[in-house]
Every structure is written in C-alpha cells, then in structure tokens.
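Please look over the sequence and the model shown here before reading on.

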Amino acid sequence: MTTKLELDTALGQLSGWTAAEDGKHAICKTYKFEDFATAFGFMSAIATQAEKADHHPEWFNVYNKVEVTLTTHDAGGVTEKDISLAQKMDALSAKLG
Ligand SMILES: C[C@H](O)[C@H](O)[C@H]1CNC2=NC(N)=NC(=O)C2=N1
C-alpha cells in the first residue's frame, strides 16, 4: 500500500532534499562525488536496490554529479517508497564520502 504524502511531510523526514521546481509532486537532490567512477558506482549499487524494490529513480549524470528526482508514478506523487529510496541513497553517499 502506497500513500501519497504531503511534500512537507516527506521532506521533513530527509535532509538535503527539496521539492521539484517544475510543479511535479517529486523530491530532488544533487549528489557530487569525487569522480565519475564513484558517481557511476553509486548509480550501479542504487540501481540494484531499486530493481529489487521495483521502485526506480529518475536521474541525470554528468561526470561526478548525479541529479536525482523521486516520485511514485502509480500514486501521483511522493510516497514512503520515495523516502525509503532517498534514505538508501543518502546512506550510500555518506559511505562513499
Ligand atoms: C509495473 C511496475 O510495478 C511499476 O511501473 C513501477 C516500476 N517502478 C516505479 N518507479 C517509480 N519511481 N514509480 C513508480 O510508480 C514505479 N512503478
């Protein structure tokens, strides 16, 4: 069961995430890593977890930067699935430094 959350509620459970600026009911964060290999390693590890959870990020990578947008299409907005994926990303990013 996935429930659409108020954006403020979702953002209150995370740090460094913001509401999408294009009016989409989505949350965004830009990660910056040391180099491309680290950024791509981050994406690769998250892709495996996303596939397992059947919940996938929208993201854009240039060199060491990964811009992420999370939303739940099926629910028309941000849900606990997005919070969970965001937390996994934050944990891995902290580990990668
Ligand atoms: C059929 C399949 O379960 C759905 O398309 C899943 C796949 N991955 C998804 N990812 C995201 N971010 N939102 C979804 O609503 C979604 N739905």
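Predicted model: local features only at pLDDT ≥ 70, side-chain atom pairs only at ≥ 80, totals over all residues.

Residues are numbered from 1 along each chain as its sequence is written, and side-chain values use heavy atoms, with hydrogens and water left out.

Q: Over how many bridges do β2 and strand β4 pair?
A: Strands here are DSSP runs of E with at least two residues, numbered from the N terminus, and two of them pair if DSSP finds at least two bridges between them. Within β4, Val 68 is the bridge partner of Lys 29. Strand β4 covers residues 65-70, and its antiparallel pairing with β2 runs over 6 bridges.

Q: Is Thr 69 buried or exposed?
A: Thr 69 lies in strand β4, and its contacts (heavy atoms within 4.5 Å) beyond four places in sequence include Ile 27, Cys 28 and Pro 57. Buried means under 20% relative accessible area, exposed over 50%, and partly exposed in between, with a 1.4 Å probe and protein chains only. Because its relative accessibility is 17%, Thr 69 counts as buried.

Q: What is the relative accessible area of Phe 60?
A: Phe 60 is found in strand β3, and together with Phe 36, Phe 40, Val 62 and Tyr 63 this residue forms a nonpolar patch on the surface. Such patches join nonpolar side chains within 5 Å, from residues with over 30% relative accessible area and no salt bridge. Phe 60 is partly exposed, with a relative accessible area of 49%.

Note on methods
Patch = residues over 30% accessible without salt bridge, like charges linked within 9 Å, V, L, I, M, F, W, Y side chains within 5 Å. Areas by Shrake-Rupley, 256 points an atom, 1.4 Å probe, with all protein chains shown as cover. Salt bridge = Lys/Arg side-chain N within 4 Å of Asp/Glu carboxyl O. Helix = DSSP H or I, 4+ residues; strand = E, 2+ residues; numbered from the N terminus.
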